[in-house]
Amino acid sequence: MKLSVIGCGYLGAVHAAAMASIGHDVVGIDVDQRKVDALAKGEAPFFEPGLQEILTDGIASGRLSFTTDMAAAQGAKVHFIGVGTPQVRDGYAADLTYVNAAVDALVPHLSPGDIVAGKSTVPVGTAAELTPRVEAAGAVLIWNPEFLREGFAVKDTIDPDRLVVGVGASAGDDVVETMKEVYAPAVAKGTPFIVTDLATAELVKVSANAFLATKISFINAMAEIAETVGADVTQLADAIGHDARIGRRFLGAGIGFGGGCLPKDIRAFSARAEELGKGESVAFLRQVDEINMRRRDRAVQLVVEGLGGSAFEKKIAVLGAAFKPHSDDIRDSPALDVAVRLHGLGAEVTVTDPEAIANARAKHPQLTYIEDRDAALRDADAVVVVTEWDEYRRQMPPEHVSTLTDGRIVVDGRNCLDADAWRAAGWTYYGMGRP
Ligand code: UDX
């Protein structure tokens, strides 16, 4: 099927390449000439496992192209909207400028019967507002939210947990059938395919992210209590996680969630709920956000405590900058925030990360960055692990680190190290919510 994907950022670039990889003819359209040029040459604009391969294959096969020319969308049966919905500058709401601009630019190129499928995360009610503009061109607007996780974006796009398609009252059965054809490989293997109304589809996305954020902040709240009474939150998470109704995933206590989705999505959800006069229904999301931010303070506090009360002029090796492993994304990264705060206390902070240094340096040039992990560890008074890359979690024996550093203080901001092994090697180990 011929498809267009408007917006070639994280979501759009992966979606375009993934759709080409399952056999569709796809044109990716973006206003950013540099991004389009890079993608057209088969260069992945960010680190995402598997993306480079499907991009190269798609372009080589002739099924995947990129352009800034919206007219290239003509002839596509389904047009995906995958532009960003960032947080507005002066508040918590989602900025819909790019969604509106994309729809306005696309409408003149639509043919009757085309499907415009929104994928961006939007405040509930957005699709209903956009519908008349799309219907005026004889096309149909649906909402088809995306649940991809960074680091697994290609897999999550081709082989998702579920597919959700929200349709308006006037959409016929053929629209749903077309979307099943788009996702034929996933549909064939029995992936749940849930057809809803527009508002439900929009809400599924934000509520999924709100739930995940709440789960993380729940365990981090338990970490705060555990810290007060000398309990161990990781054992607590294991124990409650065995209850199938709770489940162990997303009960990783630490410095909390970041990235381009969870923080901004829960804030936008709160803002939208307030607009709807239902602010109190999701008032807890403010606390979810606050608990999350407090964990960064806690990590900094532990470093200072470990260093005997002051970080001033102390050498601190910060391991990690990305908001999570397998990503070079530093948007709202708790890891970098901890590094910046330690630097603010007068520490000599050296940050290392396997993938995210270039992005981190561009955003926070005041910090020192060293690509080589061991070089970053050299002469450090304290070691702070803030992103649980395997390079730190599995491939960094404490005995080896002891040969590099001056100090023996390790703060495990992700509870990802073997505390006993570090203690046995003579280190003072600080975890998050652990004695
Ligand atoms: C998230 C959602 O998972 C995804 O479904 C949605 O489409 C986009 O937002 P992503 O931002 O890629 O995906 O990251 P995710 O893997 O969810 O992690 C988010 C943050 O939570 C990371 O900073 C991670 O370190 C943190 N996290 C995750 C924890 O602190 N503890 C956990 O147990 C799990």
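Predicted model: local features only at pLDDT ≥ 70, side-chain atom pairs only at ≥ 80, totals over all residues.

Let's start with the overall layout. The protein chain is divided into domain 1, residues 2-191, and domain 2, residues 230-435. The centres of these two domains, taken over C-alpha atoms, are 33 Å apart. Where they touch, domain 1 supplies 15 residues and domain 2 supplies 16. On the domain 1 side of that contact you will find 10 nonpolar, 4 polar and 1 charged residues.

Now, where is the ligand? Both domain 1 and domain 2 give residues to the shell around the ligand, so it lies between them. There are 19 residues around the ligand, and the ones that come nearest are E150, G252, F257, G259 and C261. Sorted by class, the shell has 10 nonpolar, 6 polar and 3 charged residues. Helix α9, residues 198-229, gives the most to this shell, with 3 residues.

Two packed helices are described by the angle between their axes and the distance between the axes. For α9 and helix α12, residues 284-306, the angle is about 50° and the axes are 9 Å apart. That angle makes α9 oblique to α12. Here our term comes in: the crossing of α9 and α12 is left-handed.

Which residues meet there? From α9 come A210, A213, T214, S217, N220 and A221, and from α12 come L285, V288, I291, N292 and R295. This contact divides into 6 nonpolar, 4 polar and 1 charged residues.

For a second example, look at helix α1, residues 10-21, and helix α3, residues 51-61: their axes come within 9 Å and cross at roughly 60°. With that angle, α1 is oblique to α3. The crossing of α1 past α3 is left-handed. On α1 the contact is made by V14, A17, A18, A20 and S21, and on α3 by L51, I54, L55, D57 and G58. By class, this contact has 7 nonpolar, 2 polar and 1 charged residues.

Conventions:
Residues numbered from 1 in each chain as written. Domains from an automatic or database assignment. Contact = placed C-beta atoms within 7 Å. Nonpolar A, V, L, I, M, F, W, Y, C, P; charged D, E, K, R; others polar. Axes fitted to C-alpha atoms, helices over the stretch in contact; angles between N-to-C directions. Helix = DSSP H or I, 4+ residues; strand = E, 2+ residues; numbered from the N terminus. Parallel < 35°, antiparallel > 145°, perpendicular 65-115°, else oblique. Left-handed = near helix turned anticlockwise from the far one by under 90°. Near = placed C-beta within 6 Å.
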